[in-house]
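Here is a friendly walk through one protein model. Keep the sequence and the 3D view open as you read.

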Amino acid sequence: MSESPALPVTLDRGSPTPLAVQLAEELRAAAGDGRLRSGDRLPSTRALATQLNVSRTVTAAAYEQLHAEGWITGKHGSGTYVTTAPPGSPSTRPKPRPTEAGEVTAVDLRPGSPWASGIDRSAWRRAWRGAADVAPLPRPTRAGVPAYRAAVAEHLLRHRGLRVSGEYEGESVLATAGTTAAVAELAAAVLSPGDVVAVEEPGYQRAVQTMRAAGLVVVPAPVDADGLLLDAVPAGARAVYCSPAHQYPLGRRMSAARRVELVDRARRDGWLVIEDDYDGELRYDVAPLPLLASLAPDVVVHLGTTSKILTPALGVGWMVAPPPVIAAVLHHRDITGTSPSAAGQFVVVELARNGDLGRHLRKLRRELSERRGMLVDALTGAGVRFLGDDAGAHLVVPLGSAAREHELIEAAGGRGILLDGLARHHCGPATWFGIAVGYAACSRAQLRAAIPDLLSLLSQSSDQRSTPSG
């Protein structure tokens, strides 16, 4: 029998958050980051209540929530254990199965990775050669290489309909080391510890953890079919973080009406809106909606990245922001001595200069559009409900429970298919369950071969639910 580990739990009795919710959050975080490991035996609700000096009602309610989400399981006559694979936990996601020759045969259908294999190798080599011919810089470029900022400005105008200027130091475009790095800079340079930031729920947890690490108070705001629910943003919030072009992970687009309402509220209530446009260049069969930065450049910080259209290995992105934000970020870079690496910026400059970036984007849209059509046709033909397919490089199949989500991901892993779940994308108790199916990282042949297995697994599910109203 496993020995119960010392539980890393601290409850704040002065917090407005109920103790049961706090306890569930603490245990969920501990199971997710490895402080509690698969198979660890938890104390009984009675023993834990005594240990924490709370009522048994508190511990029982927390255990019940975690059991419903699939984080813990009960064994009759034995006790309560951390599940062998908490839903979506990075340490427990299915791993590729090696062949006897050591080759990885798994088909990666998890979202988040680009179609890097589709980058023309000749263009890639040409860009790196051109970048290597640039003379060494005598000093760091705090705002970013001017030619890169100009290339970003041109890219945003052509592909996102956003008119900005990026040629000179101090204007509205900054180079960044990527979206997460940009969020960290905003948290350090513009916001202050204790500031409240509303984030989409479910949402991008790397950004959430970055904000929390900076001392910000993150408040989850549910999303509906039109986007983030503005009434869920608490009074006194300093900022709102959202992904309106293709909400992550649900894949929905924020409606035009909700966008207008959001920027109006931001101006009225003093919010800084952080617009994460992580894959905004990818859309299918739908007209582009105006960027929040186009609607309200005075209150919106627009973040973009090359990680979904090229490769995250370049480590470059951009920030378009109002002058006070630009000044604050540049000041932060000056006093910390930090700046984004110039190497990846020079590569993007060369790709744009030679026309290779535009050619790759056209090729990328065609390829992903065809893959998306292949997947949509198969799901539709099988009567499987899905959402989020009109943009980006993944779609979502809702399911009715954490247990079903976990079961399906495990079963897919057993067949050599890697999937992601929705439960892990919450910063509070999970309300959405299902699988997120990406179609960029694998090859087209792998996707085609995996679809029958995916449909077979989904056909065994009788609990796909209608999407939640909240």
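## Overview

Helices of at least four residues and strands of at least two are DSSP runs, numbered from the N terminus. On that count, the protein chain of this predicted model has 14 helices and 16 strands.

Of the 470 residues in the protein chain, 53% are buried. Among contacts with a separation of 6 or more, 73% are between residues 24 or more positions apart.

## Helix 5 against helix 11

Let's begin with a helix pair. Helix 5 spans residues 146-160 and helix 11 spans residues 342-353; their axes come within 9 Å and cross at roughly 50 degrees. The two helices are therefore oblique to each other, and the crossing of helix 5 and helix 11 is left-handed.

Which residues make the contact? Helix 5 brings A147, Y148 and A151, while helix 11 brings Q345, V348, V349 and A352. By class, the residues of this contact of helix 5 with helix 11 are six nonpolar, one polar and no charged.

## Helix 6 against helix 10

The axes of helix 6 and helix 10 (residues 323-336) come within 9 Å, with a crossing angle of roughly 95 degrees. An angle from 65 to 115 degrees counts as roughly perpendicular, and that makes helix 6 roughly perpendicular to helix 10.

On the helix 6 side, the contact is made by E185, L186, A188 and A189; on the helix 10 side, by V325, A328, V329, H332 and R333. The contact of helix 6 with helix 10 has six nonpolar, one polar and two charged residues.

## Helix 7 and its cover

Helix 7 covers residues 205-213, and Q205, A207, V208, T210 and M211 in it are buried. What lies over these buried residues of helix 7? The cover includes helix 6 (179-189), strand 6 (196-201), strand 7 (217-224) and strand 9 (239-242).

Helix 7 is followed by G215, which has a positive phi, near 90 degrees.

## Aromatic pairs

How many aromatic pairs does the structure hold? There are three aromatic pairs. W124 and W128 form an edge-to-face pair, at 5.9 Å centre to centre and with 75 degrees between the planes. Both sit in helix 4 (residues 121-132); because they are four residues apart, W124 and W128 are separated by about one helical turn. W128 is partly exposed, with a relative accessible area of 38%.

Y248 and Y278 make another pair: the ring centres are 5.6 Å apart and the planes stand at 85 degrees, so this pair is edge-to-face as well. Here the pair links distant parts of the chain, 30 residues apart: Y248 is in the loop between strand 9 and helix 8 (256-269), and Y278 is in the loop between strand 10 (272-276) and helix 9 (292-295). Both Y248 and Y278 are buried. Ring pairs also join Y204 with Y248 and Y278 in a cluster.

Is L387 buried or exposed? Its relative accessible area is 11%, and because buried means under 20%, L387 is buried.

Definitions and conventions. Residues numbered from 1 in each chain as written. Predicted model: local features only at pLDDT ≥ 70, side-chain atom pairs only at ≥ 80, totals over all residues. Heavy atoms only, no water. Axes fitted to C-alpha atoms, helices over the stretch in contact; angles between N-to-C directions. Parallel < 35°, antiparallel > 145°, perpendicular 65-115°, else oblique. Left-handed = near helix turned anticlockwise from the far one by under 90°. Contact = heavy atoms within 4.5 Å. Nonpolar A, V, L, I, M, F, W, Y, C, P; charged D, E, K, R; others polar. Buried < 20%, exposed > 50% of the residue type's maximum accessible area, 1.4 Å probe, protein only. Phe/Tyr/Trp six-rings, centres within 6.5 Å; stacked < 30°, edge-to-face > 60°.
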